Amino acid sequence: MESKMLFTLFLLICWLFTVQPETTPAKKIIQHEKEDEYDRDIHSVLREMTAMLAKQSIQIMYLQKENEAQAAKLRDVDNLKEAIQAQTAKQKTTEEKLAELDKLKPQLQVKQVAFSASLVATGQRHFGPFSALYTLAFKHVITNIGNAYNPNTGVFTAPVKGAYHFEFYIYGYGDASHGSGAILFKNGRHIFIAYEHQPSHTSSSSNGVTLILEVGDVVYVRQRATAKIFDSVNCHTTFSGHLLFTM
């Protein structure tokens, strides 16, 4: 009998442990409230995150606009810089051209070089004979464009490199012992001679040459030591030259 009661009691205890207690209505209400509060918290957090994202999106949009504006300014600065560089290069080119023109100006001016002169400016005169070569100073200047010829010394000095043409005419009275002649020199070097010997009456000789001269080269005419030369206001004995072209 006791064993049967103990077995029944054991079964009752096992049943109590296996049966889940039912939730009371009050507990269910509390649980629902907690769930609602949890949902509200989640929605609130989501709203805050949405607002934050919207604010960040606006900030990003403004930053993008500022970056675009800054990039546009930088492009404007680059364009201005290029324009200034182009203007500077153009100005430099203009200045270089002006400098070249300044350098060429003297050459352009000296392109017009020509002279012609006879021995005596007034009266008449016999020259020679001399004991040595005698440099003739042609005093009566007819033309001296460029002022390259010096009538005081009889020397022509090349103002620019180029090709020059020279001519000289020598006149004299006939003499059994002395002819009439002179030599054209360049920088002290004998180039051409003009010479004639007549025992009576008059004699005349001439010669011409084209020379390549550097700036500063000199050309002049020297009378032969034993020769006799004559000139008057009729301009018998002359020396002329002109620039053909520059080089």
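In the predicted model, Glu 214 and Lys 161 form a salt bridge in which the closest N and O atoms are 3.5 Å apart; a salt bridge is taken as a side-chain nitrogen of Lys or Arg within 4 Å of a carboxyl oxygen of Asp or Glu. Glu 214 lies in the loop between strand 10 and strand 11, and Lys 161 in the loop between strand 6 (155-157) and strand 7, so the pair ties together parts that are 53 residues apart in sequence. Strands are DSSP runs of E with at least two residues, and helices are runs of H or I with at least four, numbered from the N terminus. Glu 214 is partly exposed, with a relative accessible area of 39%, and Lys 161 is also partly exposed, at 30%. Here buried means under 20% relative accessible area, exposed means over 50%, and partly exposed is in between (1.4 Å probe, protein chains only).

The model is predicted: local features need pLDDT of at least 70, side-chain atom pairs count only at pLDDT 80 or more, and totals for chains, interfaces and linings use all residues. Residues are numbered from 1 along each chain as its sequence is written, and side-chain values use heavy atoms, with hydrogens and water left out.

The salt-bridge rule gives a count of two. Asp 175 forms a salt bridge with Lys 228, with the closest N and O atoms 3.1 Å apart. Asp 175 lies in the loop between strand 7 and strand 8 and Lys 228 in the loop between strand 11 and strand 12 (229-232), so this pair ties together parts that are 53 residues apart in sequence. Asp 175 is buried, with a relative accessible area of 18%, whereas Lys 228 is partly exposed, at 26%. A polar atom of the Asp 175 side chain also lies 2.7 Å from the backbone nitrogen of Ser 177.

Beyond residues up to four places away in sequence, Asp 175 touches His 197, Gln 198, Pro 199, Ser 200 and Lys 228, contact meaning heavy atoms within 4.5 Å. Gln 198 is placed in the loop between strand 9 (189-196) and strand 10 (202-213) and is partly exposed, with a relative accessible area of 31%. Apart from neighbours within four places in sequence, Gln 198 contacts Gly 174, Asp 175 and Ser 203. The C-alpha atoms of Gln 198 and His 178 are separated by 8.3 Å, the two residues being 20 apart along the chain.

An open sheet is formed by five strands in the order 4-1-13-7-10, with antiparallel pairing; two strands pair if DSSP finds at least two bridges between them. Strand 4 (140-145) and strand 10 are the edge strands, each pairing on one side only. Strand 1 (residues 114-118) and strand 13 (residues 238-246) run antiparallel and are joined by five bridges. Ala 117 stands opposite Phe 239 of strand 13.

Phe 239 is also among the residues that touch the most other members of the largest nonpolar core, together with Phe 156, Tyr 164, Phe 166 and Leu 184; this core has 29 residues. A nonpolar core is a set of buried Ala, Val, Leu, Ile, Met, Phe, Trp, Tyr and Cys residues joined through side-chain atoms within 4.5 Å. Strand 7 gives the largest share, four residues. Not counting residues up to four places away in sequence, Leu 184 touches residues including Phe 166, Phe 168, Ile 191, Val 209, Leu 211 and Phe 239.

Terms used
A polar contact is a pair of N or O atoms within 3.5 Å; within protein, one must be able to donate a hydrogen and the other to accept it, and residues adjacent in sequence count only if both atoms are side-chain atoms.
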